[in-house]
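This report looks at one protein chain.

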Amino acid sequence: MTDFLDLTIKDLVAGYRAKTLSPYEYWLAVEARIEAFEPHVAALYAYDPQGAREQAKASTERWLRDEPLGPLDGIPISLKELIATKGQPVPLGTAAVELLPAEEDAPIAARLKEDGAVIFAKTTCPDYGMLSSGLSSFHPLSRNPWDLTQNPGGSSAGAAAAGAAGYGPLHIGTDIGGSVRLPAGWTGLFGFKPSHGRIPVDPYYVGRCAGPMTRCVDDAAFSMATLSRPDWRDGTSLPPNDFDWMDHDIDVRGMKIGVMLDAGCGLAAETEIRDAVLAAAKRFEDAGATVFEVEPVLTRQMLDGLDNFWRAKFWGDIRNLSAERRAKILPYIYQWAEKGADVSGVEAVQGFGQTIEMRKTCGRLFTTVDAVLSPTNPIVSYPADWASPTNDPEKPFEHIAFTVPWNMSEQPAASINCGFSKTGMPIGLQIVGPRFDDMRVLKLSKLFETWTGGIANWPKPPVA
């Protein structure tokens, strides 16, 4: 079972094709892992092992006939519960929502089903996906498999916990300010936020992306051929691409790589994190890149403006709920949101304008660099039952200063493990590339993974 669960998607597909391993056999190994670990990490919602067995059996029959539906046929995959699947409710992580079956599959779910993937569960998130935490008024508290007293991050909390606990090779999260990269950093996963529109989402929104969370770069790259197929429902969806997502060859000699150790505002990066990022940067320098420190792209005015805009928008989303339903929202989030009632229309528009300012500063920086390295998270860890690293609704976004600018600038960015703290918790390195150059981020990430050994050199999470 352990050997099965260490296989990459490419290895699994090769086994399916050679008929030395079947999707059904592999699913049973994943099911056993879930049965052992889920009581501890609470990563899943709408888990359907019987449905997964049926999907895996059907995939096994297709592979026996050499008629797979697509490249991910028979691969177990979880989806963040914000991603709709037809017939299942979308709770949005909150007890305030009426549980009504979704009328259709969201673009990601539709593409995965077209390819025959085994969608076995949704993964948890906090209320409305508004926290970097596994804390929710609807879901059980999701925990970090590296230390069950600690937070997996969020809002793709369950996806991170599931990936780190070994619930199969691929988990899809969403990201509007860091919600794929932040939890990936805190759980040691590879989390990839592609260029805005590369993976279609519905509903779409400024800065909102979706991306794979995996144990290795290859698994994320392999999934992109499926996930990046366009969908008309996303008005920002990019045109079809002909990328070879598994082409990871890159020569960094002569590349200009900026290292950002100061985010400009928010929580300062802890010493252990700075040291790990500098050590990662040294590897690129030793390989021939020109590496130098760069100034931040974010200011306090930008972050506070975004906070005002998000508060006003969210208050508009929930103000017409009945008092009874509003009372069910996680108190931390409700306390943050109700201040949106005091944000004037002019202030909200000015706040939105700060997203444009972020685009400008990010664009200006990339006239001088080919890529940027930074911490993913400014701190090593925080308690599982905290709503955020500050646990203060008046300072809700102090931890996203390294990640959120790249959502607003629509640039690809990834988090990859670059070491461990004294307490044994993972540390994430963020790698950012130019807008639309998703392949550069994947190639740089793969190169770094070859230097570090990737998951082969991971200590096993204590829950394992």
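Which residues in α9 meet which residues in α15? From α9 come Ala280, Arg283 and Phe284. They meet Leu444, Leu447, Phe448, Trp451 and Thr452 in α15. By class, this contact has 6 nonpolar, 1 polar and 1 charged residues.

The model is predicted. Its chain has a mean pLDDT of 97, and 99% of the residues reach 70 or more. Confidence is lowest in helix α1 (residues 2–5), with a mean of 78. It is highest in strand β9 (residues 371–375), at 99.

**Helix packing**

Helix α9 spans residues 271–286, and helix α15 spans residues 438–452. Their axes lie 11 Å apart, at an angle of about 100°. Angles of 65 to 115 degrees count as roughly perpendicular, and α9 and α15 are therefore roughly perpendicular to each other.

**The largest pocket**

The largest pocket holds about 1000 Å³ of space. It is lined by 42 residues, and the closest to its centre are Leu82, Tyr128, Gly129, Met130 and Arg208. Three elements, β4 (170–175), α10 (300–318) and α12 (331–338), each supply at least two lining residues. The largest share comes from α10, with 4 residues.

**Cavities**

The structure holds 2 cavities of 30 Å³ or more. The largest cavity is lined by Leu82, Ile83, Ala106, Ile108, Thr174, Pro200, Val201, Asp202 and Arg208. Leu82 and Arg208 are in that lining, and both are also among the residues closest to the centre of the largest pocket.

The second largest cavity is lined by Gly185, Trp186, Ile273, Asn377, Ile379, Val380, Pro426, Ile427 and Gly428. Here α7 (181–187) and β11 (426–432) each supply at least two residues. The largest share, 3 residues, comes from β11. No charged residue is found in this lining.

The table sets out volume and lining class for each space.

| Space | Volume | Lining by class |
|---|---|---|
| Largest pocket | about 1000 Å³ | 24 nonpolar, 10 polar, 8 charged residues |
| Largest cavity | about 40 Å³ | 6 nonpolar, 1 polar, 2 charged residues |
| Second largest cavity | about 30 Å³ | 6 nonpolar, 3 polar, no charged residues |

Notes:
Residues numbered from 1 in each chain as written. Predicted model: local features only at pLDDT ≥ 70, side-chain atom pairs only at ≥ 80, totals over all residues. Heavy atoms only, no water. 1 Å grid on protein atoms, 1.4 Å probe; cavity = no way out; pocket = protein on both sides within 12 Å on 5 of 7 lines; lining within 4 Å. Points joined across faces, edges and corners; volume = space filled by probe spheres on them. Nonpolar A, V, L, I, M, F, W, Y, C, P; charged D, E, K, R; others polar. pLDDT = per-residue confidence, 0-100. Axes fitted to C-alpha atoms, helices over the stretch in contact; angles between N-to-C directions. Parallel < 35°, antiparallel > 145°, perpendicular 65-115°, else oblique. Contact = heavy atoms within 4.5 Å.
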